[in-house]
Amino acid sequence: MAVMVAGIHNPLVVSLCLSVLAGLGTYKAIPLVSDVFIAHGRSGKDLLKEGRPVIPESMGAIAGVVYFIVMFVFIPVPFIGWFRDSEYALADFPHNKFAQFLGGLLSLMSMLFLGFADDVLDIRWRVKIWLPLIASMPLLMVYCVTYGGTDVVVPIPLRSLFGQKMLHLGIFYYAFMAALAIFSTNAINILAGVNGVEAGQSLVIALSIAANDFLQLHRNPARAEAHLTSLYFVLPFIGVTLGFLKHNWYPARAFGGDTLCYFAGMIFAVVGILGNFSKTVLLFMVPQIFNFIYSCPQLFHFVECPRHRMPSYNSSTKLLEPTWCSLSKTGKLGRLMIRILRTFRLVHIRRDPKTGEAVQANNLTLMNLLLVKFGPMSEPRLATFVMIVQALCSCLAFLIRYRLVKFVYNE
Ligand code: UD1
Ligand code: MG
């Protein structure tokens with residue numbers, strides 16, 4: 001009983017309990033609103049199924065709303081000591097911590113709204129890529145006035161180049177943080193299109209961040225506050241993502257839409273920036289970094305980029321197969337990029353049987369590459385495969401962060 005009472009006074013235990021409630025709330029709420037979403041045109045066709053059934057979309061909005069309800073209820077909890085003990089003076093209130101909390105929530109809420117706006121309005125890529133920059137402004141402002149550090153430790157191999165251990169990045173550090181927000185949101189959104197893949201990758205990244213936070217709480221008490229804040233943001237996210245994934249897994253009964261992708265990406269940017277461990281967050285996003293770099297020839301239109309690059313469904317085998325883009329209008333630079341990818345065996349080319357000329361390449365996404373390398377597979381198998389790749393990359397990230405870091409930073 002004493003343990004239970006002590007637990008109630010521990011914000012982390014409260015956060016854990018609220019996260020379980022958030023998961024259950026999301027799981028229960030989605031079927032209740034599905035018909036309403038479809039009736040109001042918030043739906044999309046499941047392109048990888050026979051008959052392309054209509055599925056309610058933008059369900060990231062429901063996950064987000066439940067997340068905010070839980071987070072708003074939680075706001076006083078980390079400050080409960082200050083409220084309970086009357087001898088605390090107003091001047092002692094940890095305004096910095098409070099501002100970080102509110103700034104993080106404001107950025108997340110803006111991103112949820114902008115993601116929903118994108119789902120409804122289908123905003124053009126060249127415009128929507130900048131939306132996370134706007135949403136990250138409150139976060140960058142809070143970082144500036146509460147923490148403000150822009151010095152980075154130079155990795156050992158680069159110290160001879162810079163001639164010093166610490167480098168003052170100033171405004172460039174803010175540019176890096178803004179770039180992190182733009183990258184993490186869009187990177188989740190382009191590793192998408194298969195049931196369970198958007199939420200599945202987000203779940204593995206969030207679990208990795210939480211595991212790193214718990215490890216750091218034990219290993220590095222001086223940074224405990226930062227990792228606790230990260231856990232307060234990430235645990236309810238794990239809850240709502242699990243609740244959503246139950247409906248989004250094959251055969252999907254709900255799609256997250258861009259709302260979910262942007263919201264998930266912003267969670268990772270918020271905890272990386274507020275917790276000051278953005279490099280570790282990037283280590284957990286290696287599959288997204290690979291998928292983004294791999295996609296660049298198509299994203300920047302050196303190679304044709306169709307509206308959908310997801311795999312295709314073969315109704316006779318009931319398996320997913322890679323999709324292809326035409327190389328007929330590809331210029332010299334685009335062909336050079338394809339040739340480089342081919343050197344590393346990262347692209348499959350289809351040639352004209354008569355002339356031998358390269359006419360098609362697989363669409364440049366991680367999922368198409370997995371299908372090219374391992375052959376056609378079912379939709380749930382591909383989603384599981386992506387989650388396994390994500391989890392293996394997280395294991396590698398932990399190895400780099402905790403075993404190999406001394407070779408790079410001498411810590
Ligand atoms: C991004 C990708 C696009 C991919 C799409 C799939 C880039 C540049 N863009 O575009 O290649 O095809 O995501 O989400 O890489 N859908 C399914 N099954 C799912 C999830 C989504 O069929 O499990 C379909 C539905 O028709 C849904 C649509 O994808 O309506 C959502 O696409 P949208 O999020 O609008 O695409 P983008 O984010 O623009
Ligand atoms: Mg999308």
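Tutor: Let us begin with a pair of helices: the axes of helix H5 (residues 95-121) and H12 come within 8 Å and cross at roughly 160°. That angle makes H5 roughly antiparallel to H12, where angles under 35 degrees count as roughly parallel, over 145 as roughly antiparallel, 65 to 115 as roughly perpendicular and the rest as oblique. The axes are lines fitted to C-alpha atoms, for helices over the stretch in contact, and the angles run from 0 to 180 degrees between N-to-C directions. Helices (H or I, at least four residues) and strands (E, at least two) are DSSP runs, numbered from the N terminus.

Before going further, please keep in mind that this is a predicted model, in which local features need pLDDT of at least 70, side-chain atom pairs count only at pLDDT 80 or more, and totals for chains, interfaces and linings use all residues. Residues are numbered from 1 along each chain as its sequence is written, while chains are lettered from A and ligands numbered from 1 in the order in which they are written.

H5 passes H12 in a right-handed crossing; a crossing is right-handed if the near helix is turned clockwise from the far one by less than a right angle, and left-handed if anticlockwise. On the H5 side, the residues that meet H12 include Gly-104, Leu-108, Met-111 and Asp-119, and on the H12 side they include Asp-258, Tyr-262, Met-266 and Val-270. Two residues are in contact here if their C-beta atoms, placed from the backbone, lie within 7 Å. Sorted by class, the contact of H5 with H12 has 12 nonpolar, 6 polar and 3 charged residues, where Ala, Val, Leu, Ile, Met, Phe, Trp, Tyr, Cys and Pro count as nonpolar, Asp, Glu, Lys and Arg as charged, and the others, Gly among them, as polar.

H12 (residues 257-274) also packs with helix H7 (residues 131-146), at an angle of about 20° and with the axes 11 Å apart. H7 and H12 are therefore roughly parallel to each other, and their crossing is right-handed. This contact is made by Pro-132, Ala-135, Ser-136, Leu-139 and Tyr-143 of H7, together with Tyr-262, Met-266, Ala-269, Val-270 and Ile-273 of H12. By class, the contact of H7 with H12 has 9 nonpolar, 1 polar and no charged residues.

The loops on either side of H12 deserve a look as well. Most residues other than glycine have a negative phi, and most peptide bonds are trans. In the loop between helix H11 (224-248) and H12 we find Pro-251, which is joined to Tyr-250 by a cis peptide bond with omega about -10°. In the loop between H12 and helix H13 (278-284) sits Asn-276, whose phi is near 60°, a positive value in a residue other than glycine. Asn-276 counts as partly exposed, because 16 C-beta neighbours lie inside 10 Å; a residue is buried if 20 or more other C-beta atoms lie within 10 Å of its own, exposed if 12 or fewer, and partly exposed in between, with C-beta atoms placed from the backbone.

To place this part in its setting, the protein has 17 helices and 9 strands, and buried residues make up 40% of its 411 residues.
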